[in-house]
Amino acid sequence: MTETLILPETQDRATRYHALIPQIHALLQDEDDLIASLANTAAGLFHGLNVLWAGFYLVKHDALVLGPFQGPIACSRIKLGHGVCGQSWAQRKTIVVDDVDEFPGHIACSSASKSEIVVPILRQNQVVGVLDIDSIHLKDFSDIDRVALEDLTRVLSTKF
Ligand code: SME
């Protein structure tokens with residue numbers, strides 16, 4: 001396959017996921033390597049969703065450690081319960097933040113970030129990492145994102 005994403009002109013999220021998700025699945029299908037899988041997924045989501053930052057933090061001992069991502073440089077370690085990522089890890093659930101300034105303890109890696117979604121990656125009932133996406137727009141994430149990204153993390157969990 002060629003490594004070029006084919007995306008619709010519209011910014012409508014459901015339409016973008018409809019085009020994007022099968023292409024990410026195709027990239028993941030024949031790739032067992034974790035880093036290669038996460039790196040291409042981060043790039044696909046970053047370009048496919050037009051966001052500020054898309055990437056992964058991986059559970060290593062008592063912290064989330066920065067993994068493959070696209071976007072501005074980010075903090076490299078997050079403790080359990082800290083920030084949106086650490087809360088998603090602790091609560092083992094997806095967190096959608098409409099306005100990061102309203103989220104107690106939000107870790108501002110970039111002042112341009114206004115809203116965020118964090119989806120935990122579960123392997124054998126344990127959180128092994130989180131998918132984090134940041135947007136420059138308030139309220140940029142909804143149930144459409146949650147459902148699509150939770151599906152994607154189920155596929156990614158098989159690579160761990
Ligand atoms: N905002 C996140 C930190 C990671 S960056 O957004 C890439 C948080 O509060 O956990």
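This is a predicted model: local features need pLDDT of at least 70, side-chain atom pairs count only at pLDDT 80 or more; totals for chains, interfaces and linings use all residues.

Colleague: How many bridges join S5 to S6?

Modeller: These strands belong to a hairpin with two residues between them, where Gln-124 takes a positive phi near 50 degrees. Pro-120 stands opposite Val-130 in S6. S5 and S6 run antiparallel, and the bridges joining them number nine.

Colleague: How many of the 10 residues of S6 are buried?

Modeller: S6 supplies at least two residues of the largest nonpolar core, and Ile-133 is among those with the most contacts inside that core. In general, nonpolar side chains of soluble globular proteins tend to be buried together. S6 is mostly covered, and its count of buried residues is nine.

Colleague: Which residues is Leu-152 in contact with, leaving aside neighbours within four places in sequence?

Modeller: Leu-152 is also among the residues with the most contacts inside the core of 25 residues. Its contacts beyond those neighbours are Ile-21, Ile-24, His-25, Leu-28, Thr-41 and Leu-45.

Colleague: What percentage of the ligand's accessible area does the protein cover?

Modeller: A polar backbone atom of Val-84 is 2.9 Å from an oxygen atom of the ligand, while a polar side-chain atom of His-106 is 3.3 Å from a ligand nitrogen atom. Of the 300 Å² that the ligand has on its own, the protein covers 98%.

Notes:
Residues are numbered from 1 along each chain as its sequence is written. Side-chain values use heavy atoms; hydrogens and water are left out. A nonpolar core is a set of buried Ala, Val, Leu, Ile, Met, Phe, Trp, Tyr and Cys residues joined through side-chain atoms within 4.5 Å. Buried means under 20% relative accessible area, exposed over 50%, partly exposed in between (1.4 Å probe, protein chains only). Helices (H or I, at least four residues) and strands (E, at least two) are DSSP runs, numbered from the N terminus. Contact means heavy atoms within 4.5 Å. A polar contact is a pair of N or O atoms within 3.5 Å; within protein, one must be able to donate a hydrogen and the other to accept it, and residues adjacent in sequence count only if both atoms are side-chain atoms. Accessible areas come from the Shrake-Rupley method with a 1.4 Å probe; for residues, only the protein chains shown count as cover. Two strands pair if DSSP finds at least two bridges between them.
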